[in-house]
Amino acid sequence: MPKKRLPLPKRFNASLTEPAYKKLRDLNAEYGLGNKYIMTALLENLDTITDSEKVAQAFTEFIAEYGAPTGRMTN
């Protein structure tokens, strides 16, 4: 049975820090998926692969250090 192809119609540019991009490249090397597929798998499964309290803490710490963007966020 042929494998299903996951259509990814929405495109966006994402800026990443060097450590974040290194982790993304490491995941690509380990699993053989492209950046879009890695990001899709991570975000669609975030609740099953992370502790929600730790995610909230990470965002709180990030905002405390770098601030949050002002104005409207765009896709």
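**Close-up views of the predicted model**

**View A. L42 is partly exposed, its relative accessible area being 34%.** Relative accessible area was computed with a 1.4 Å probe on protein chains only; under 20% is termed buried, over 50% exposed, and anything in between partly exposed. The residue belongs to helix α2. Helices are DSSP runs of H or I with at least four residues and strands are E runs of at least two, numbered from the N terminus. In sequence, 27 residues separate L42 from S15, and their C-alpha atoms lie 17 Å apart in space. The model is predicted, so local features require pLDDT of at least 70 and side-chain atom pairs pLDDT 80 or more, while totals for chains, interfaces and linings take in all residues. Residue numbers start from 1 along each chain as its sequence is written, and side-chain values rest on heavy atoms, without hydrogens and water.

**View B. N35, also partly exposed, has a relative accessibility of 31%.** This residue lies in helix α2. R25 is 10 residues away from N35 in sequence, with a C-alpha to C-alpha distance of 7.8 Å.

**View C. The largest pocket holds about 930 Å³ of space.** A pocket is an open set of points on a 1 Å grid over the protein atoms alone, where a 1.4 Å probe fits and protein lies on both sides within 12 Å along at least five of seven lines; lining residues have an atom within 4 Å of a point. Points are joined across faces, edges and corners, and the volume is the space filled by probe spheres set on them. The lining comprises 19 residues, with L16, A20, M39, L43 and F59 nearest the pocket centre. At least two lining residues come from each of α1 (18–31), α2 (35–44), α3 (46–49) and α4 (52–66). Helix α4 gives the largest share, 5 residues.

**View D. The protein chain contains 4 helices and 0 strands.** The radius of gyration is 15 Å, well over the 11 Å given by the globule rule for 75 residues, so the chain is more spread out than a compact globule. This radius is taken over C-alpha atoms, and the rule is 2.2 Å times the number of residues to the power 0.38. The C-alpha trace spans about 50 × 25 × 25 Å along its principal axes. Of the 75 residues, 5% count as buried.
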